[in-house]
Amino acid sequence: MLTYRDYKFFYPCSDFKSYLKNVVWGTIKKYSRIPYCTYMCIKYPFLYPRNRFTGTHRANVLSNVTYNLFEKSILDIGITGKLVKDKPNKINTYIKFLDTTVKLLEDAKKLRINNNIDSQDFDLKPLMWKDDKFEIVDMELTFAHSGRPLIVLKLKTVDENDNTNYGFSYYSVKLKTNKCKYRLYQVVKWIDEKILDKIFILPTFTEWDVVEPGWNKAFGKQYLKELKKQLKKDKMLYKWRITDIKEKFGTFRLYCNYGSDELYNIIHKYEELSWNTCIKCGKPATYTSKGWISPYCDDCVNKDTPDRYTKRTEDNKNGYTENMIY
Ligand SMILES: [Zn+2]
């Protein structure tokens, strides 16, 4: 939970009243959802909130503290390449900013980045993954919008006739700026990940929370029941994961890690049903909004801006096709 001091730091114009409202009341509201979310996650195990890449539950209890410590103990320096046509007369192999120096080592295979606390060598091989194709002709320092330093290595293809449009990956070097705080950051992060995450396993939200209110009201329960029934049949109830739920082109999209034909039939059935259901209240849709297309009923269209909607007719469902681009 953010302390008032942190809160003022992140939102400089905030007062104590808005801190109480946003942070304190927000936290109470968040934790009061635990019983309901726990019930839902036991009933439908696939609704338990997880990291969609690792599958682990992350409570991130100390995330604000780790973030602050990280920011104060590390200088995150970006490194990337840029293709140039001409070679300058004199190659710049040394950059200095604040107390940090960046030096291209003589064989041009490594970049040495150091300050008075830390020193790191960045191997240029991954950047110039076909290193027989490029030579480094210069380097420069720029700053990203966030203020983060970015070192751009200017590269020239060895083959004059090579017209390939090469794109370069973006790398990051984390240079320590405060050893003590960095050590503390590692300890706090370890406590958060290895201990607190194991204690705070109760969910404060579920994967289903993002479902549009109208759709949830109209068929949310039914959809969940059908998914569970099919997953039981497929023996996938505890292995199945939702990777994303969203509204796209006016329909309910559900993405997952696995699906039998029968399961995908269910997903497609509700996708089509969502197109014909008011996104706000769940009544049958009679209008489609223009621009950002969504289904609306007579009651939920904004009466002040009627030109933003198209009335649906029996033979014109305003463009829902089954296999629309994901
Ligand atoms: Zn409605």
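1. Is Lys235 buried or exposed? Lys235 is exposed, since 9 other C-beta atoms lie within 10 Å. The classes are these: a residue is buried with 20 or more other C-beta atoms within 10 Å of its own, exposed with 12 or fewer, and partly exposed in between, the C-beta atoms being placed from the backbone. Lys235 is not a glycine, yet has a positive phi of about 55 degrees. Its place is in the loop between H6 and strand S9 (242-248).

2. On the basis of these notes: the model is predicted, with local features needing pLDDT of at least 70 and side-chain atom pairs counting only at pLDDT 80 or more, while totals for chains, interfaces and linings use all residues. Numbering starts from 1 along each chain as its sequence is written.

3. Phe249 is another non-glycine residue with a positive phi, here of about 50 degrees. Phe249 sits in the loop between S9 and S10. With 16 C-beta neighbours inside 10 Å, Phe249 is classed as partly exposed.

4. The chain has seven helices and 13 strands; these are DSSP runs, helices being H or I of at least four residues and strands E of at least two, numbered from the N terminus.

5. Overall dimensions come next. The radius of gyration of the chain is 27 Å, whereas a compact globule of 326 residues would have one near 20 Å. That radius is taken over C-alpha atoms, and the globule rule is 2.2 Å times the number of residues to the power 0.38. The C-alpha trace spans about 70 × 55 × 50 Å along its principal axes. Of the 326 residues, 18% are buried.

6. Among contacts with a separation of 6 or more, 60% are between residues 24 or more positions apart. A contact here means C-beta atoms, placed from the backbone, within 7 Å.

7. The largest nonpolar core has 20 residues, and those with the most contacts inside it include Leu47, Trp215, Phe252 and Tyr296. Such a core is a set of buried Ala, Val, Leu, Ile, Met, Phe, Trp, Tyr and Cys residues joined through C-beta atoms within 7 Å. Two or more residues each come from helix H3 (34-43), helix H6 (213-233) and strand S10 (251-256). H6 gives the most, with five residues.

8. Leaving aside residues up to four places away in sequence, Phe252 touches Trp215, Glu247, Tyr270, Glu271 and Ser274. Another core, of 15 residues, lies apart from the largest one; Leu104, Leu124, Met139 and Leu153 are among its residues.

How values were computed. Contact = placed C-beta atoms within 7 Å.
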